[in-house]
Amino acid sequence: MIERKVIIWGIPLHSHTHSYIHNGFFRACKKLGYNVEWVNGDEKIDVSQSIVISEKNFIKNLSIIDSSVYFIHNLTDDFEKPERDNVHNFFVYHTGYSKSMEQLEKIDKYSWYDSETKTPVIMWATDLLPEEFKEPVVHNANSLSNNFVGTIQGNNLISFAQISANMGKDFINYGGYTGFPDGNGNDFFSVEDNIRAIQESYLSFDIREDFHLKNGYIPCRVFKNISYGKWTGTNAVNAKTFFGDHLTAQQNLKSLYEQLEEDSRNVSYDKIKDAMNYVKENHTYINRVKSLFSIL
């Protein structure tokens, strides 16, 4: 398996929010020793004898050939049998699919597989490799802003921003699907700038809209923020199913803010370290690549 070439078929880094997912797969495959290439979906290249990872919005020019296997994120909206046996749809975990995780084969503790439709289900992960985890970040009570990296999708995040303002903290959004100019001619902030924004934020959090809360979605930002060394909170209380006491979770936004503020002030170094180690051991793209490729 390690001899097979891996092709990440997508879009250039920093051109779209999904490019960061492709970056996670690329870096993990490289770390695992695969011969891996990340290509723009507009390129004409030979994909034979390869494992191809892509996403449905970027496969217009992708050739489906018999000698390769394909993992295409969200190829269908639900569990549907693909037209080709070498094509795997893959989903990110939530509880809103037509099949529950209990109906699927278990690949490991955090991934599942539906052999009937060739659909693996994985969780999101941090963009850090295990060796890139550093030390916990001590809460800075003097920080003036609450920084959010991600898309403002609706009323819940706007409400949380207003709560932040009422508590005397600016709310700063660092981008999302379309990005925001970074002042240096780029539409997206660098990975390093995003990490710094989280580490320097008064609180570390992810806020989901009601449609995500309804389907039990586990946000990728939770994995990332914890890995950056910050105690983190979310209104996606379903995250407790997997994270347990490694985060703060309250669905009521004002209660979440107050509890997260208290927890961030009082949390011990060791408790943050334990949360980081949980992500480090279970939720990097190294874990996700191993899970996906194990079904081949």
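This is a predicted model: local features need pLDDT of at least 70, side-chain atom pairs count only at pLDDT 80 or more; totals for chains, interfaces and linings use all residues.
1. Start with the core. The largest nonpolar core has 71 residues. Those with the most contacts inside it are Val 6, Phe 25, Phe 242, Phe 243 and Phe 293. Helix α1, residues 19–31, gives the most to this core, with 6 residues.

2. Now look at Phe 243. Which residues does Phe 243 touch, leaving aside those up to four places away in sequence? They are Ile 218, Val 222, Phe 223, Ile 226, Tyr 278 and Val 279.

3. There is also a second, separate core. This one has 9 residues, including Ile 7, Val 39, Val 47 and Ile 72.

4. Next, the second largest pocket. Its volume is about 360 Å³. In all, 16 residues line this pocket. Closest to its centre are Leu 128, Glu 132, Val 191, Glu 192 and Ile 195. Two elements, α1 and α3 (191–200), each give two or more residues to the lining. Helix α3 gives the most, with 5 residues.

5. What classes of residue make up the lining of the second largest pocket? The lining has 6 nonpolar, 4 polar and 6 charged residues.

6. Turn to the sheet. Three strands form an open sheet in the order β11-β12-β13, with parallel pairing. Strands β11 (204–206) and β13 (248–249) stand at the edges. Each has a single partner strand, so one side of each is left without a neighbour in the sheet.

7. Zoom in on one pair. Strands β11 and β12 (residues 232–234) run parallel and are joined by 3 bridges. Phe 205 stands opposite Gly 233 in β12. In general, strands of a sheet pair through backbone hydrogen bonds.

Note on methods. Residues are numbered from 1 along each chain as its sequence is written. Side-chain values use heavy atoms; hydrogens and water are left out. A nonpolar core is a set of buried Ala, Val, Leu, Ile, Met, Phe, Trp, Tyr and Cys residues joined through side-chain atoms within 4.5 Å. Buried means under 20% relative accessible area, exposed over 50%, partly exposed in between (1.4 Å probe, protein chains only). Helices (H or I, at least four residues) and strands (E, at least two) are DSSP runs, numbered from the N terminus. Contact means heavy atoms within 4.5 Å. On a 1 Å grid over the protein atoms alone, a cavity is a set of points where a 1.4 Å probe fits but cannot get out, and a pocket is an open set with protein on both sides within 12 Å along at least five of seven lines; lining residues have an atom within 4 Å of a point. Grid points are joined across faces, edges and corners, and a volume is the space filled by probe spheres set on the points. Ala, Val, Leu, Ile, Met, Phe, Trp, Tyr, Cys and Pro count as nonpolar, Asp, Glu, Lys and Arg as charged, and the others, Gly among them, as polar. Two strands pair if DSSP finds at least two bridges between them.
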